[in-house]
Amino acid sequence: MRDTRREETERGEDATGAVRWDAVPGHPEWYEPDRVAEGLRVLAAATNRVQAARAGSLLGCGGIVHDHGGAVFPAAAAAAPLLLDIAQHGHAAARDTVLGLLDEALSFVPQPGYTRVATPHGEAVRICCAVAHHVRSRSGFLAGLGRTGKLLLADAAAHWRFDVQECVADGDDTIAFGWLSGHLPGGTHVAELHGDGTVSELRAVTLAYPTGWDGRENCLRVVGRSPRELPPGVRLFPARCGEEPRG
Ligand SMILES: [Zn+2]
């Protein structure tokens with residue numbers, strides 16, 4: 001049976017679902033929880049560029065990222081849906097600030113010991129992939145913003161996820177049928193397998209079709225693994241994602 005209280009603590013949420021930023025993990029010398037709470041409050045209420053810039057400074061310099069250090073904190077994953085709400089309903093200046101912060105959250109590097117977060121899609125998902133999920137969930141809104149929104153969606157697409165629904169054996173390999181989120185290019189990839197509370201590495205997965213795009217059923221060849229290692233419900237993510245800056 002799942003420990004609900006533990007899950008709440010890992011996500012930094014209290015009983016009402018509000019985020020307790022001081023309960024979200026982060027490097028003690030870099031992460032400043034108070035800056036997240038204040039930054040989100042100022043950004044949500046911003047009615048001009050000066051206020052949005054102040055919020056951006058709070059969030060971008062020790063809140064959810066540290067722009068001088070090029071670091072992203074676990075708080076970025078918890079803040080992403082709140083930031084996207086502000087982008088949708090707040091002032092245009094606040095929206096631009098959100099797009100910039102999310103772009104940094106996708107491209108900055110997490111600090112050792114603070115690289116993963118608990119999400120509904122896995123208990124130890126890399127921060128960038130968790131942020132990308134939230135970005136993709138607002139794809140209609142973001143695409144409607146034009147070039148900036150589309151660029152953010154394109155950045156998020158690289159943090160793909162494959163939800164396994166069914167597998168069959170093919171020699172020593174497994175063919176996994178499932179649902180692809182994001183964009184998985186052709187070729188062979190190293191992937192992470194997220195199972196029931198565990199993460200392991202798959203040394204080679206290839207798409208059965210030349211390229212895979214967001215929101216499509218697809219199938220993957222998983223080299224050297226048997227179907228029983230990929231039961232329905234497991235998920236695949238890019239391996240070594242977020243370990244170095246993306247170009
Ligand atoms: Zn990622």
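# A first look at a chain of helices and a barrel

Helix α2 (residues 33-45) has 13 residues, and from its first C-alpha to its last it reaches 19 Å, close to the 18 Å expected at 1.5 Å a residue (the expected span is 1.5 Å times one less than the number of residues). This is a predicted model, in which local features need pLDDT of at least 70 and side-chain atom pairs count only at pLDDT 80 or more, while totals for chains, interfaces and linings use all residues. Residues are numbered from 1 along each chain as its sequence is written.

**The chain as a whole**

- The secondary structure comes to eight helices and eleven strands; helices (H or I, at least four residues) and strands (E, at least two) are DSSP runs, numbered from the N terminus.
- Of the 247 residues in the chain, 43% are buried. A residue is buried if 20 or more other C-beta atoms lie within 10 Å of its own, exposed if 12 or fewer, and partly exposed in between, with C-beta atoms placed from the backbone.
- Among contacts with a separation of 6 or more, 64% are between residues 24 or more positions apart. Two residues are in contact if their C-beta atoms, placed from the backbone, lie within 7 Å.

- The buried residues of α2 are R35, V36, G39, L40, V42 and L43.
- The cover over these buried residues includes α3 (49-60), α4 (75-89) and α5 (92-107).
- With α4, the axis of α2 comes within 10 Å and crosses at roughly 10°. Axes are lines fitted to C-alpha atoms, for helices over the stretch in contact, and angles run from 0 to 180 degrees between N-to-C directions.
- The two helices α2 and α4 are therefore roughly parallel to each other; angles under 35 degrees count as roughly parallel, over 145 as roughly antiparallel, 65 to 115 as roughly perpendicular and the rest as oblique.
- On the α2 side, V36, L40, L43 and A44 make the contact, and on the α4 side A75, A79, L82 and I86 do.

**Helix α4 against helix α6**

- Helix α6 (residues 127-137) packs with α4 at an angle of about 15°, and their axes are 8 Å apart. That makes α4 roughly parallel to α6.
- The crossing of α4 past α6 is right-handed, where a crossing is left-handed if the near helix is turned anticlockwise from the far one by less than a right angle, and right-handed if clockwise.
- From α4, residues A76, A77, A80, P81 and L84 meet I127, A130, V131 and H134 of α6.
- H134 is found in α6 and counts as buried because it has 21 C-beta neighbours inside 10 Å.
- Not counting residues up to four places away in sequence, H134 touches A80, P81 and L84.
- Between H134 and A156 there are 9.1 Å in space, C-alpha to C-alpha, and they are 22 residues apart in sequence.

- You will find Y114 in the loop between β3 (109-110) and β4 (116-119).
- Y114 is partly exposed, because 19 other C-beta atoms lie within 10 Å.
- Leaving aside neighbours within four places in sequence, Y114 is in contact with P25, G26, H27, F73 and P74.
- P74 is 40 residues from Y114 in sequence, yet 6.5 Å apart from it in space, C-alpha to C-alpha.
- β4 forms a hairpin with β5, with two residues between them.
- Three bridges join β4 to β5 (residues 122-126), and the two run antiparallel; V117 stands opposite V125 in β5. Two strands pair if DSSP finds at least two bridges between them.

**The barrel**

- Six strands close into a barrel in the order β6-β7-β10-β9-β8-β11, with antiparallel pairing. Neighbouring strands of this sheet are turned by 45° against each other on average, direction ignored.
- β6 (residues 161-170) and β7 (residues 173-181) pair in the antiparallel sense over nine bridges, with R161 opposite S181 in β7.
- In the hairpin of β6 and β7, two residues lie between the strands, and G171 takes a positive phi near 65°.
- Over two bridges, β6 also pairs with β11 in the antiparallel sense, and the partner of F162 in β11 is L236.
- β8 (residues 188-194) pairs with β11 (residues 235-238) over four bridges, again antiparallel; here L193 has L236 as its bridge partner in β11.
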